Amino acid sequence: MITPDYARTMAAYNRWQNESIYGAAAGLSDEERRRDRGAFFGSIHRTLSHLRWGDEIWLSRFGDFPPPPPTASLGGSAAVYDDWEELRAGRIALDETIIGWAASLTPRDLEGDLTWFSGAMKREITRPRALLVAHMFNHQTHHRGQAHAMLTAAGAKPDDTDLPFIVKE
């Protein structure tokens, strides 16, 4: 399904896009970042909080990484990181963690199934590891797309999002 090289490419893409999104968001006032813009999690800030929380929960399921703070509901993940500077600094560190994790992946790490308790589904779920790694990156792209649209509507200018134009290190 996917390879370690896929995960490494997507980890680099994730970091590149987050630098763009957070850079554009930093140009807005806190009030503008928190303005309800009708997205699933409401605001730019809440969407980025959910996205960070989601990455942290998936990494904790994939390996020896600490889980994010628990939430009572899926919507609660959007309120976990209320301070902008903490959200941004944590995102930068998390992106480096994802880069390191992806760099260490072997084909064997993507084999087999993973079982976890889903708070969203309120039950234990088992799925192929490779599918779940692909899902983590897809989830990032989905919510960053929402943030990109909200930022653009707010007058900010995030970078292009096309994967073929990824900035190589």
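**Close-up views of a predicted model**

**View 1. Ser-118, a buried residue.** Ser-118 counts as buried, at 7% relative accessibility. Buried means under 20% relative accessible area, exposed means over 50%, and partly exposed covers what lies in between, with a 1.4 Å probe and protein chains only. The model is predicted, so local features need pLDDT of at least 70 and side-chain atom pairs count only at pLDDT 80 or more, while totals for chains, interfaces and linings use all residues. Residues are numbered from 1 along each chain as its sequence is written, and side-chain values use heavy atoms, with hydrogens and water left out. Ser-118 is part of strand β1. Helices (H or I, at least four residues) and strands (E, at least two) are DSSP runs, numbered from the N terminus. Which residues does Ser-118 contact, leaving aside its neighbours within four places in sequence? They are Arg-123 and Ile-125, where contact means heavy atoms within 4.5 Å. Gln-140 sits 22 residues from Ser-118 along the chain, and 18 Å separates their C-alpha atoms.

**View 2. Lys-122, in the loop between β1 and β2.** Lys-122 lies in the loop that joins β1 to β2 (123-128). Its phi is near 60°. That is a positive value in a residue other than glycine. Is Lys-122 buried or exposed? Lys-122 is exposed, with a relative accessible area of 56%.

View 3. A salt bridge is a side-chain nitrogen of Lys or Arg within 4 Å of a carboxyl oxygen of Asp or Glu. The count by this rule is 11 salt bridges. Arg-15 and Glu-96 form one of them, with their closest N and O atoms 2.7 Å apart. Arg-15 belongs to helix α1 (residues 4-26) and Glu-96 to helix α4 (residues 84-104), so the pair ties together parts 81 residues apart in sequence. Arg-15 is buried, at 12% relative accessibility. Glu-96 is partly exposed, at 40%.

**View 4. Glu-32 and Arg-37, two partly exposed partners.** The side chains of Glu-32 and Arg-37 meet in a salt bridge, 2.7 Å from N to O. Glu-32 has 21% relative accessibility and counts as partly exposed. Arg-37, at 25%, also counts as partly exposed.

View 5. How far apart are Arg-52 and Glu-56 in helix α3 (residues 44-62)? They are 4 residues apart, about one turn of the helix. Arg-52 is buried, at 8% relative accessibility. Glu-56 is buried too, at 12%.

**View 6. Helices α3 and α4, where they cross.** The axes of α3 and α4 come within 10 Å and cross at roughly 35°. Axes are lines fitted to C-alpha atoms, for helices over the stretch in contact, and angles run from 0 to 180 degrees between N-to-C directions. The crossing is left-handed: the near helix is turned anticlockwise from the far one by less than a right angle. Residues of α3 that make the contact include His-45, Leu-48, Arg-52, Glu-56 and Phe-62. From α4 they include Trp-84, Leu-87, Gly-90, Leu-94 and Trp-101. By class, the contact of α3 with α4 has 9 nonpolar, 4 polar and 5 charged residues. Ala, Val, Leu, Ile, Met, Phe, Trp, Tyr, Cys and Pro count as nonpolar, Asp, Glu, Lys and Arg as charged, and the others, Gly among them, as polar.

View 7. A pair of aromatic rings is described by the distance of the centres and the angle of the planes. Rings of Phe, Tyr and Trp (its six-membered ring) pair if their centres lie within 6.5 Å; planes under 30 degrees apart count as stacked, over 60 as edge-to-face and the rest as tilted. The structure holds 8 aromatic pairs. Tyr-6 and Phe-137 form an edge-to-face pair, at 6.3 Å centre to centre with 80° between the planes. This pair links distant parts of the chain, with Tyr-6 in helix α1 and Phe-137 in helix α5 (residues 129-153), 131 residues apart. Tyr-6 is partly exposed, with a relative accessible area of 29%. Phe-137 is buried, at 0%. The ring centres of Trp-58 and Trp-116 are 5.2 Å apart and their planes stand at 65°, so this pair is edge-to-face. Trp-58 lies in helix α3 and Trp-116 in strand β1 (residues 113-118), so the pair ties together parts 58 residues apart in sequence. Both Trp-58 and Trp-116 are buried. Tyr-6, Trp-58, Phe-62, Trp-101, Trp-116 and Phe-137 form one aromatic cluster.
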